[in-house]
Amino acid sequence: MKRPSLFLIVLVIFTFGGCASRNEPAPRTEKSAGARTSLELGAKLPVAPEVTIGKLDNGLTYYIRRNGEPEDRAELRLVVNAGSILEDENQRGVAHFDEHMAFNGTKHFEKQELVDYLESIGMRFGPDLNAYTSFDETVYMLQVPTDSTAILETAFQILEDWAHLVSYDTEDINSERGVVVEEWRLRRGARMRMLDEQLPVILKGSRYAERLPIGQMEVIKNAPPEVFRDFYNTWYRPELMAVIAVGDFDPGRIEDLIKRHFSRIEPEKDAPERVLYPVPDHTETLYAIATDPEATDTSVGVYYMRDVEPVSTVRDYRRTIVEGLYNAMFNQRLDELARQAEPPFLYAASALGELVRTKSAYMLDAGVEESGIERGLEAVLTEAARVERYGFTQSELDRQKEQTLRNVEQLYAERDKIESSRLTSEYVENFLTGEPAPGIEYEYALYKKYVPEITLAEVNRLAGQLIRDRNRVVTVNAPEKPGVDVPTADQLNAVFDREAGKEIA
């Protein structure tokens, strides 16, 4: 299972390089949860029986699954449950920099040898070879052929080197500084500049607001080499790592490779705790208005900040189905408005999901004409109020149920065509957050059992639970140019005041 990622634009920027805590997974060395297939509401969601989950004595977790799409290929991941949120003040940007250093020399691959080797076997940066650093994790990715024993074994040596054998040669550190600064320069467009203004508001009062993965260029340019080594030595620890392998291979052989390479990583004694940092609540509405001369789009959004709700039982999963029906019906209404002759917005969307590890949000977002910010905001608020006051109709729910079941049936019918990369993504989330990965067969059974019984009343109740006047953040993105009047916080607040007393049919 993979809950919808929230607001792609936000997550793309929060990720660089390529409160309520979540339940930890329970690793097993046998086939996972094969006997636990209860569909009752109180039952724990299993992990798909096709995946083997194990844990080494040093604390490293591993996931192994045979999958034939694509043929003769394996998707490999080294997942480190550490990102920029763990940086000290003098380390801001070091987590992402350390990801770069993994490609600049390890014990078994000096300097450029690693990249040269991977390119020699046909791998390319991006499609087959990549890595990313986010607030809370760093993930290294390889896609390798499985029809060569030597290549497959070398791939696991590379993963091991990344885990604890990166060289951190001073000369290589100094040469990489310019590479990271240039990456920062190239990516620092209008969207990034506006986000720099908005993040301290969206995540007000939290450590996240000050820990963008790209960090501070003064640190990247001037920090002593020991600062980069210290972060790696502190946080790249086996109990914070997972190795994930999904592909066209013999699982027993892969398990042997994992044990051989990763059992020799020594656990750290007296290591610092991996802390989860909260995003504090607030009662007032916050406004994050950002303009930029190079901006080309105009949008307005409302974040209704929420605690992260775990999805560990069938009852939790059923709740996500209800939420999915709500958003699908609401988005259908918004889409119909956008198709009018003179629509109030170019597009609009209703979405619910996680922003960061400890905070989620319900969001209403609209892309509008340059002069249409207040009109677009008023339109989405009116539709939200219409749903809250009058709900959806039974015919809307019946149609959406039918469509939802068709979509899941199609996924189930094509279950043998699921690509390995999609499965690895599910297991990455399972390790990092406890997000269940029960498999399409089990999820299909849940949908067939619970979608027909979901009532209109319980879907309609959601609006009152999602839309509140506390923990609310309003964002505006717009071009900065003559003739474009961007509303102030007071003007936007007046839109909410008008909506509160508005008569809605």
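Where is the place of Pro70? Select Pro70 to begin, and you will find that residue in the loop between strand S2 (61-66) and strand S3 (73-80), where strands (E, at least two residues) and helices (H or I, at least four) are DSSP runs, numbered from the N terminus. Before going on, note that this is a predicted model, in which local features need pLDDT of at least 70 and side-chain atom pairs count only at pLDDT 80 or more, while totals for chains, interfaces and linings use all residues. Residues are numbered from 1 along each chain as its sequence is written, and side-chain values use heavy atoms, with hydrogens and water left out.

Most residues other than glycine have a negative phi, and most peptide bonds are trans. With that in mind, look at the peptide bond from Glu69 to Pro70, which is cis, with omega near 0°. Next select Asp72, found in the loop between S2 and S3, where phi is near 60°, a positive value in a residue other than glycine. Asp72 counts as partly exposed because its relative accessibility is 28%, given that buried means under 20% relative accessible area, exposed over 50%, and partly exposed in between (1.4 Å probe, protein chains only).

Now move to Asp270, in the loop between helix H9 (251-262) and strand S7 (285-292). Phi of Asp270 is near 55°, a positive value in a residue other than glycine, and at 82% relative accessibility Asp270 counts as exposed.

**Two buried residues**

Select Thr138, which lies in strand S5 (residues 138-145) and, at 1% relative accessibility, counts as buried. The side chain of Thr138 reaches the backbone oxygen of Ala82 at 2.9 Å. Leaving aside residues up to four places away in sequence, Thr138 touches several others, among them Leu78, Gly83, Glu99 and Tyr236, where contact means heavy atoms within 4.5 Å.

Continue to Asn471, in the loop between helix H15 (456-466) and strand S11 (472-479), which is buried with a relative accessible area of 5%. The side chain of Asn471 makes a polar contact with the side chain of Asp281 (3.3 Å); a polar contact is a pair of N or O atoms within 3.5 Å, and within protein one must be able to donate a hydrogen and the other to accept it, while residues adjacent in sequence count only if both atoms are side-chain atoms.

**Helix H10 and its partners**

Two packed helices are described by the angle between their axes and the distance between the axes. Select helix H10 (residues 314-338) together with helix H12 (residues 394-413), which pack at an angle of about 115°, with their axes 10 Å apart. That makes H10 roughly perpendicular to H12, a label used for angles of 65 to 115 degrees. Among the residues in this contact, Leu325 and Arg333 are in H10, and Leu397 and Lys401 are in H12.

Val314, Tyr317, Arg318 and Ile321 in H10 meet Tyr442, Glu443, Leu446, Tyr447 and Tyr450 in H14.

Definitions and conventions:
Axes are lines fitted to C-alpha atoms, for helices over the stretch in contact, and angles run from 0 to 180 degrees between N-to-C directions. Angles under 35 degrees count as roughly parallel, over 145 as roughly antiparallel, 65 to 115 as roughly perpendicular and the rest as oblique.
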